Amino acid sequence: MLNLCTFLFLSFLHFSSFSVSFGGVGDSSVSENPFTPKASLIRYWNKEIRSEIPKTHFLLSKVSPLTAVDSASFSKLAAQNDLASRLPSFCSSAKLFCFPDLSPSLEKHPKDVNFAVYANRNFTNYGTDRLAGVDSFKNYSEDNNIIVDSFRRYSRDSSGHKDQFSSYASESNVVDQSFNTYGGAATGGSGNFNNYNREVNNPNLQFTSYSDDSNGRGQKFTRYTENANSGNGQSFSSYGKNGNGVPNDFSSYGKGANVVGSGFSGYGESANGANDTFTSYGFDSNVPQNSFKSYGDGGSAAVDNFSSYRDQSNVGDDSFQSYAKNSNGEKVDFNNYGQSFNEGTDKFTGYGQEAVGQSIGFKIYGRNTTFKDYNKKGVTFGRYNNESSAETGVQVKASGNAVNKWVEPGKFFREKMLKRGTVMPMPDIRDKMPERSFLPRTIISKLPFSFSKIGELKQIFHAGDNSTLETIMLDALKECERAPSPGETKRCVGSAEDMIDFATSVLGRNVEVRTTENVNGSKQNIKIGTVRGVNGGKVTKSVSCHQSLYPYLLYYCHSVPKVRVYEADILDPNSREKINHGVAICHLDTSSWSSSHGAFLALGSGPGRTEVCHWIFENDMTWAIADS
């Protein structure tokens, strides 16, 4: 009987020919099927918000595009914990951010192949047992939004086989690539990755059994994750383990990257005659984080060279565990080691312990380095920087461009800049995240949203263990469950109704939402035109909502005390024509901010000593009490 009722209800939704007109949102009359998510939001808006000011289409554009029928159908699947069975359809219909499922592949590649401009592929037995030959990947997954590629048994047991990747996933957003048994037990040959993940946002590369048990097979990475942004970076598991004479060369490794981590596990462990070179390793980067586990442990006659290692970077953390421990005749050189302009942290555990005949040298290396279980024999240190950042303030100040490199010009500014006629740089306010939509409250209320429920979430959204998607969800959940800062009220919302509830709970029901009109003026100088202070320019409170990366549209909304909100016409400084209408918020109380906050790096001063202003970026928004 229940199934029959459900069928009749869905049929009613599908064949219903009437519509309902709603006033007050956008146009004076909006015709909409009353059962769609958009119609539901319009009713909720008019019920909960009492402002007489015309509403914006901005928030309505984020609403789920699901039809009434699809919304009811997916809501039922969510209630039955069965959304995973219809995930591709759900993601497509609801405009979500989902990773493609790569089906297993049994195809083989016995001959030379040349792939140009492709993405999201599963290569199994790629180059396995190959004798000589060259495989070339050109413009591999370049300039795409979501990249998921899998290589299994990649060049395993091959002899003299060469692999070339040119422009490998360059300038893409959210990259997830996996190489399993990469070059394992191979003899000779080489792998060459050029422009590897350059200028990528959220890179996550996994190499498992990387060159394990191989003989004389070299790997070369050029411009490796150069200028990349955020993400896990790269993971090399069993890197060169038990290899024989395996040369590896990383050039411009993580150069100019922003908060990218790399992990090498089983790096050169029990290898014979390993030869690894890292040039410009983490050079000129922002907070690089790298971990080497079992680095050269038990190796014989290995040679490792790190040149310009984290030189001229901002902070950074590196960890070497079991570094050259139990090795025989290992030679390691670090040149320009850890010369970051702001202090980083380096930890060497099991450093050269119980090693025989090792030669390890540090030349021009930074402070704040910890050596635990340190073998003093065969180790030399030259030009140890024993001064703190405060003591070297003159040097840091002299290289102000380097200090401010990681704070984009115009990202933070003083309140006095918001005056007619001011010419100032505008940062890149364009939205870099994948386009997504809110979920209807009828669906999102049935989905788990908790760090403790990550197993269920992975099952729903088909996220594999240690995958990029798992990391993305964990990062968002951690931030959402983080305790609020002093004076902060916060909530993460995945539906427009939830956002309205939070905004009105803080500000009352007479509210207005604002955002910067467009992205014109980004990354160039602008001229400030007419400026208007919201609520008369008085100190007020607001609710700002910033996007978080998640499968559906998720906003981190928070309210902080003592702010002023402004609207400003943005002009072209040459023609003086209006090109944008910006919204800016000025935080007047920064006493609880970290002293390392980018705003203080850009503007000087410190917590509680100055106000900090910033623009509201594309697809972010701020709520305030409506002007009367």
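This report describes the nonpolar cores, the aromatic pairs and the disulfides of a predicted model.

**Nonpolar cores**

The largest nonpolar core contains 35 residues, of which Leu-83, Phe-90, Leu-439, Ile-443, Phe-461 and Tyr-552 touch the most other members. At least two residues of this core come from each of helix H4 (68–79), helix H5 (87–94), helix H8 (441–444), helix H9 (454–460), helix H10 (468–481) and strand S29 (554–571). Helix H10 gives the largest share, namely seven residues.

Which residues does Phe-461 contact, leaving aside its neighbours within four places in sequence? The contacts of Phe-461 are Leu-87, Cys-98, Leu-469, Met-473, Pro-551 and Tyr-552. Another core, of 27 residues, lies apart from the largest one; Ile-42, Val-63, Ile-500 and Cys-545 are among its members.

**Aromatic pairs**

A pair of aromatic rings is described by the distance of the centres and the angle of the planes. The structure contains eight aromatic pairs. One of them, formed by Phe-97 and Phe-99, is edge-to-face, with 5.5 Å from centre to centre and 70° between the planes. Phe-97 counts as buried because its relative accessibility is 1%, under the cut-off of 20%. Phe-99, at 11% relative accessibility, also counts as buried.

The rings of Phe-449 and Tyr-550 have planes at 70° and centres 5.5 Å apart, so this pair is edge-to-face. The two residues are 101 residues apart, and their pair links distant parts of the chain: Phe-449 belongs to the loop between H8 and H9, while Tyr-550 belongs to the loop between strand S28 (540–548) and S29. Ring pairs join Phe-449, Tyr-550 and Tyr-552 into a cluster.

**Disulfides**

The structure has four disulfides. With bonded cysteines counted along the chain, their pattern is 1-2, 3-4, 5-6, 7-8. The table lists some of them.

| Disulfide | S to S distance | Torsion about the S-S bond | Handedness |
|---|---|---|---|
| Cys-91 to Cys-98 | 1.9 Å | about -75° | left-handed |
| Cys-480 to Cys-492 | 2.0 Å | -95° | left-handed |
| Cys-586 to Cys-613 | 2.0 Å | 110° | right-handed |

Both Cys-91 and Cys-98 are buried. Cys-480 lies in helix H10 and Cys-492 in strand S25 (residues 489–493), so their link ties together parts that are 12 residues apart in sequence. Cys-480 and Cys-492 are both buried.

Cys-586 lies in strand S30 (residues 578–587) and Cys-613 in strand S31 (residues 612–615), so this pair ties together parts that are 27 residues apart in sequence. Cys-586 is buried at 0% relative accessibility, and Cys-613 is buried with a relative accessible area of 0%.

Definitions and conventions: Residues are numbered from 1 along each chain as its sequence is written. This is a predicted model: local features need pLDDT of at least 70, side-chain atom pairs count only at pLDDT 80 or more; totals for chains, interfaces and linings use all residues. Side-chain values use heavy atoms; hydrogens and water are left out. A nonpolar core is a set of buried Ala, Val, Leu, Ile, Met, Phe, Trp, Tyr and Cys residues joined through side-chain atoms within 4.5 Å. Buried means under 20% relative accessible area, exposed over 50%, partly exposed in between (1.4 Å probe, protein chains only). Helices (H or I, at least four residues) and strands (E, at least two) are DSSP runs, numbered from the N terminus. Contact means heavy atoms within 4.5 Å. Rings of Phe, Tyr and Trp (its six-membered ring) pair if their centres lie within 6.5 Å; planes under 30 degrees apart count as stacked, over 60 as edge-to-face and the rest as tilted. A disulfide is a pair of cysteine sulfur atoms within 2.5 Å.
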